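Q: Could you take a close look at one part of this structure for me, and then walk me outward from there? I'd like to know what packs against what.

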Amino acid sequence: MFVGLEPKILSNGKRIFSKTVAQKTYTRVTDRCGKVLIDRVKSIEKSKVGNKSVITKKEVSVVNDLQGNSFGFKYQSDRVYNGAGKLVGVREIENKPGIVNTESRINPLNRMPDCYHVTKSTSGKSYVKDFENGTVKRKWFTPSPANFVKSRMPLGMRNPQYIRSSEKKGNYSIADFVRNKFEVPVFYNNKGLPKPPKCADDFALVNMSLKEMREYHGKKYPENRYAKFGMNLDFLNDKQTYSAIEDLDIYL
């Protein structure tokens with residue numbers, strides 16, 4: 001792929017090879033000794049949806065760190081523009097990295113767990129859903145970028161979920177999960193229904209219906225809201241009629 005291609009040489013000695021074939025851009029980053037640090041391929045496609053334009057970027061990469069690990073990353077973003085060319089929304093999908101020992105010569109993209117994160121961003125809010133084995137497990141909400149997060153999250157964007165680099169950055173290693181401390185989490189049960197944060201760890205909620213979870217929460221924490229502010233689930237805070245007949249006998 002890169003035979004005979006002159007690399008771009010950085011001041012730290014790293015070499016970057018890049019080649020575009022059939023609308024796909026292939027990139028390789030090596031150290032000064034020729035060891036492969038990053039192999040990456042990405043594509044960009046443009047399409048029309050009604051009166052809006054969509055730019056879809058897809059990227060997969062294999063990153064080798066300095067500790068003998070290889071990580072496989074997969075990412076896709078859809079950026080939506082209105083008729084005036086203004087960015088109005090973004091959807092990002094990022095898979096949890098696959099990890100293998102570099103010496104195994106196994107492609108880490110073949111070892112990716114069935115876990116991924118979908119971020120939907122508009123000019124006011126950003127929501128992230130965590131999927132595991134095809135089921136929603138958690139939902140995260142980022143407040144409006146009109147306040148303290150504006151400078152760091154235009155359109156509420158929070159990419160990346162994972163650090164994609166061949167080196168350590170601060171206190172994070174290559175596959176560390178990056179969360180914003182201002183996010184509000186929503187946890188889901190096995191049926192994909194939002195659990196009340198106050199008792200999200202209760203095993204009893206695992207297979208409950210939404211009605212059952214609301215009743216369970218109402219009995220256990222009647223003074224608390226079912227959904228926290230900012231979860232976009234305020235309808236769950238409507239008080240449910242509670243019948244005490246089932247519990248009266250414990251007072252005999």
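This is a predicted model: local features need pLDDT of at least 70, side-chain atom pairs count only at pLDDT 80 or more; totals for chains, interfaces and linings use all residues.

A: Setting aside neighbours within four places in sequence, Tyr-226 is in contact with Pro-194, Lys-195, Pro-196, Pro-197, Leu-210, Met-213, Arg-214, His-217, Leu-236 and Asn-237. Two of those names, Met-213 and Leu-236, come up again in the largest nonpolar core. That core has 7 residues in all: Cys-199, Leu-205, Met-208, Met-213, Tyr-221, Tyr-226 and Leu-236. There's also a second, separate core of 6 residues, and among them are Val-29, Leu-37, Val-63 and Phe-73. As a general background point, nonpolar side chains in soluble globular proteins tend to be buried together.

Cys-199 has a relative accessibility of 1%, so it counts as buried. Cys-33 is a contrast: its relative accessible area is 72%, so it is exposed. If you're wondering about disulfides, a search of the whole structure finds 0.

Ser-61 belongs to strand β5, which covers residues 52-64. At 5% relative accessibility, this serine counts as buried.

On to the aromatics. Searching the whole structure turns up 3 aromatic pairs. One of them is Phe-71 with Phe-73, a stacked pair with 6.4 Å centre to centre and 25° between the planes. Another stacked pair is Tyr-116 with Phe-131, at 4.8 Å centre to centre and 5° between the planes. Tyr-116 comes from strand β9 and Phe-131 from strand β10, so this pair ties together parts that are 15 residues apart in sequence. Tyr-116 is partly exposed, with a relative accessible area of 21%, while Phe-131 is buried at 15%.

Strand β10 (residues 126-132) and β9 pair in the antiparallel sense, over 7 bridges. Strand β9 also pairs with β7 (residues 87-95), again antiparallel, with 6 bridges joining them. In that pairing, Glu-94 stands opposite His-117 of β9. As for burial, 5 of the 7 residues of β9 (residues 115-121) are buried, so the strand is largely enclosed by the rest of the structure.

Strand β6 (residues 69-81) runs antiparallel to β8, and 4 bridges pair them. Here Asn-69 stands opposite Asn-101 in β8. In a regular strand, side chains alternate between the two faces of the sheet.

Technical notes
Residues are numbered from 1 along each chain as its sequence is written. Side-chain values use heavy atoms; hydrogens and water are left out. Buried means under 20% relative accessible area, exposed over 50%, partly exposed in between (1.4 Å probe, protein chains only). Helices (H or I, at least four residues) and strands (E, at least two) are DSSP runs, numbered from the N terminus. Two strands pair if DSSP finds at least two bridges between them. Rings of Phe, Tyr and Trp (its six-membered ring) pair if their centres lie within 6.5 Å; planes under 30 degrees apart count as stacked, over 60 as edge-to-face and the rest as tilted. A nonpolar core is a set of buried Ala, Val, Leu, Ile, Met, Phe, Trp, Tyr and Cys residues joined through side-chain atoms within 4.5 Å. Contact means heavy atoms within 4.5 Å. A disulfide is a pair of cysteine sulfur atoms within 2.5 Å.
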